[in-house]
Amino acid sequence: MARLFRDRGDSISRRESLNSPVSDSNGGSYNSSSSLPSPFGSLALPLSDPDLLYTAYEIFVSACRTSAGSRPLTYTPQSERSTSSSPSSATSASPSSGSSLQRSLTSAAASKMKRALGLKSKSGKHGENGARTPTKKAATIGELMRIQMRVTEQADARIRRGLLRIAAGQLGRRVESMVLPLELLQQFKSSDFLDPQEYDTWRSRNLKILEAGLLLHPLFPLQKSDPSAQRLKQILRGSASIDTGKNTESMQILRTAVLSLASRSFDGSGADTCHWADGSPLNLYLYQKLLEACFETSEEGSLIDEVDEVLELIKKTWSILGIDQVYHNLCFTWVLFNKYINSTQTDTELLFAAETQLAEVSKDAKSCKDPVYCRILSSTLTSIMGWSEQRLLAYHEAFNAGNLEAMQCVVSLGVCCAQVLVEDISQEYRRRRKGGMGRDDVARNTVDTYIRSSLRTAFAQKMEEVDSNRRNQTSPTLCVLAKDIGLLAKKEKDLFTPVLARYHPLAAGVAMATLHSCYGNELKQFVASLAELTPDSVQVLTSADKLEKDLVSIAVEESVESEDGGKGVIREMPPFEAELAIGNLVKDWISARVERLRNWVDRNLQQETWKAGANRESCAPSAVEVLRIIDETLDAYFNLPIPMHRALLPDLTVGLDRSLQHYASKAKSGCGTKSSYMPALPSLTRCEVGSKLFRKKEKQTQIPKRKPQTNGSDSLSLPQLCVRMNTIYHIKTELENLEKKIKTCLRNVENAHADITNGLDIKFELTSQSTLEAIQTLSENTAYKVVFHDMSHVLYESLYIPDPSNNRIDTFIKELDPVLELISSTVHNRVRNRVVTALMKASFDGFLLVLLCGGPLRNFTKQDYFLLEDDFKNLKSLFFADGDGLPEEIVEKGSSQAKNVLSLFRAESESLIERYKRIIYESFGKNSKFPLPPTTGNWNPNDANTILRVLCHRHDEVATKFLKKTYNLPKKLSDGIWRV
């Protein structure tokens, strides 16, 4: 046959010395490391770079050798090929050599591809004197590709020998109709290799390629139940037993399974073309290896001068790999970009070439909607855009006056990727496009992000520099920073804005707005830390004002020709108002005054004695003083030389309101609570009927007083509690006067404009609500303290002991008379009824407590009802006072509970027991044993616990037997006393 390579006299050329051969093994010397992950996706089967490279080379050689037509291929042994390397030997080649690989190279010809991509020719290099030194090259494209792909001569000879054998056995068969790894497997055996290990590696690679191309990444998806796929998996699992070098039965089984899978078509029918290397991403990885052969490895990875001829031959593999022009453009763009990334990145030619090629990809993306292509396109562009954004999101660090051209290219890459990703892939964009969003909007938004991010980063760096030199500075830090930011703004305008303005008409305005925002944040923190206006603070505010004017001037100047004249950008630059700084200082002043007032309240209330008669209002002197301090604070506030009294007034009124609320809360604290004065209920007992001796003995039993936990409330007398209530009421009445004073002062300070207070809502709402709650709480606490603490000796130590006819309610009423007199003479008339009402409620609660929870010393018969009813009426009369006391409806409402419970005392014991049983059945169901009802304290005739307590105090045989039988209640407490 005609020799594949001609004129190999200098076969170890410059390229071959630089591109050291790669061994056909997983542990070969080839390492295609990349700083960016491949966007094509992951292979399901681990294929090494040598695996992919040798497979790609085999496809390349087979595609090129069969492209010359049906002429037979001949083989020239390596020994004959190396005997002569003179030009004459090339001319003596067989006339049948029509292979494209034999095309000779013309080094002097300029590459159309390189011109289109804007690349310079590098076919030679300059010597020390500037003259071009010729570079030794391979004589043919085939030789060039072998060297570029670092395939050894032995491996190349074996590949060509195998192809010749295949062609001899299958004359006229196209390469697209065969599965190349399968055919090669049958052509070689272990003796064709230097050692068995090399053969095993070669054999394993071809089997893995079959598995990857037919099972893991097929062009057409496989059904799980596909018999051919299952058969091939089984064969590959036992591949060690296959004798691939012969036409054996096992080889025929492998061939049948492989061809069955490879010959599938889209509609499921058979096809002439075999699909074994055209599934994604396997085909893309193989094609990438072919494209990478177009690059030098010694000169920043630039394209070889023969790229036109090489690409022309590489395209012959498209039919095998399933590649078309669209996929080629995308892959070539990635390879160009990736080569630049893996270079020293000093020569930007490859970057510009990638940008040029990306424009073709952008055109393709508009028309190609293949989902596989769109997925790979998205991944590729995302990777490129991610790399670009790493530099553009901080372009002040990455670029300077010396590499602005590179910046232009990187910006173009980032914008183009964003446009394709958003416009041609994003469904969200298609929906939004109907609303008026266009291609320019994507570019503008992308560059907007670059500007804002980079300026924020640059500002942070300036901040660090200023902070590190703080000790050497004579001016305040923010003054120095303002100067540096001014220089940064000028650099942005002069250097970077011309590049970015191609994509964003308001590039300068956005940059100035970003710097304005960053400095504004620092200025706010500075002003917030000020306790008062100082020379340094004034200097900082002056520097800030100058910087603001410079930034606004640049923004307006560069945005004047925009659609809105730069108004949108200016709106992003809220001014550094001095009034804002002053306002913050005034707020600090208000906070300090309010805090001082609160501390004063805490300190003086601890010393307050709450003595009656201290003043005309019979209130605490501390209340008068706190109102005086508030009055002085208002005068001082309206005398401040500030122009925003009305705006900051709510801060002051809220602070004063909280201070008064705090006073009211403290004034009512420490007086105990309603529950703290209530005695604990004694255990349930039953009466012992007919034992007068026992009752006499019980009469002499001493019942100790309860000592309630009231946080020191025992030291508070009734007059002191009345003064507390008067004090809180006095504060409440003064709120209206404070509101009037504020409005008057505001009119005076604001040039007597009467309408300055229109719409101004000045309310001390917290204090108003707090005083109402405090008065109510103190009224109840006072009432329950009087009844259950001060008068406990009358109420539950003697009332109705030893029998109802003795120690009746008269003694209790007699004790209440001076209490009511003191309240009437001390408490303000607007509060008096509330206190007396609480006292009435406490009295009736005490009356019921004695009747229902009086312990074993109190026993009542049915006939005692009339006596109890008479006492009840006398107690009501005390508070009604013949019309001079509480209103009748209030008295009736307050005594209704006692009246309802009292009706149980005139009922027969049998009737009470029946009612009790009925309620228990309704609540717990009919059980053989009655559960003890819980004590709720909500006494009423329909409450089982209330009825049970009436029975416990019923002095008759029926009641005591029922209690003995049902609950086995004792006749007296274990220690003979009523525990409270």
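**Exercises on a predicted model**

The chain exposes about 45,300 Å², of which carbon and sulfur atoms supply 49%. The model is predicted.

**Exercise 1.** State what share of the residues of the chain count as buried, and how many helices and strands there are.

Solution. Start with the secondary structure: it comes to 40 helices and 2 strands. Then take burial: 50% of the 980 residues count as buried.

**Exercise 2.** Find where in the chain confidence is lowest and where it is highest.

Solution. Begin with the average pLDDT, which is 81 for the chain, with 81% of the residues scoring at least 70. Next, go to the helices: the lowest confidence is in helix H4 (residues 87-91), at a mean of 32, and the highest is in helix H12 (residues 282-292), at 95. Finally, look at residues 68-99, where pLDDT stays under 50. For residues 68-99 the model has 52 contacts beyond four places in sequence.

**Exercise 3.** Classify the aromatic pair of Phe40 and Tyr285, and decide whether each residue is buried or exposed.

Solution. The whole structure holds 23 aromatic pairs. In the pair of Phe40 and Tyr285, the centres are 5.9 Å apart and the planes stand at 85°. An angle over 60 degrees counts as edge-to-face, so this pair is edge-to-face. Phe40 lies in the loop between helix H1 (14-18) and helix H2 (49-66), while Tyr285 lies in helix H12, 245 residues apart. For burial the cut-off is under 20% relative accessible area. Phe40 has 1% relative accessibility and therefore counts as buried; Tyr285, at 14%, counts as buried too.

Terms used. Residues are numbered from 1 along each chain as its sequence is written. This is a predicted model: local features need pLDDT of at least 70, side-chain atom pairs count only at pLDDT 80 or more; totals for chains, interfaces and linings use all residues. Side-chain values use heavy atoms; hydrogens and water are left out. Helices (H or I, at least four residues) and strands (E, at least two) are DSSP runs, numbered from the N terminus. Buried means under 20% relative accessible area, exposed over 50%, partly exposed in between (1.4 Å probe, protein chains only). Accessible areas come from the Shrake-Rupley method with a 1.4 Å probe; for residues, only the protein chains shown count as cover. pLDDT is the predictor's confidence in each residue, from 0 to 100. Contact means heavy atoms within 4.5 Å. Rings of Phe, Tyr and Trp (its six-membered ring) pair if their centres lie within 6.5 Å; planes under 30 degrees apart count as stacked, over 60 as edge-to-face and the rest as tilted.
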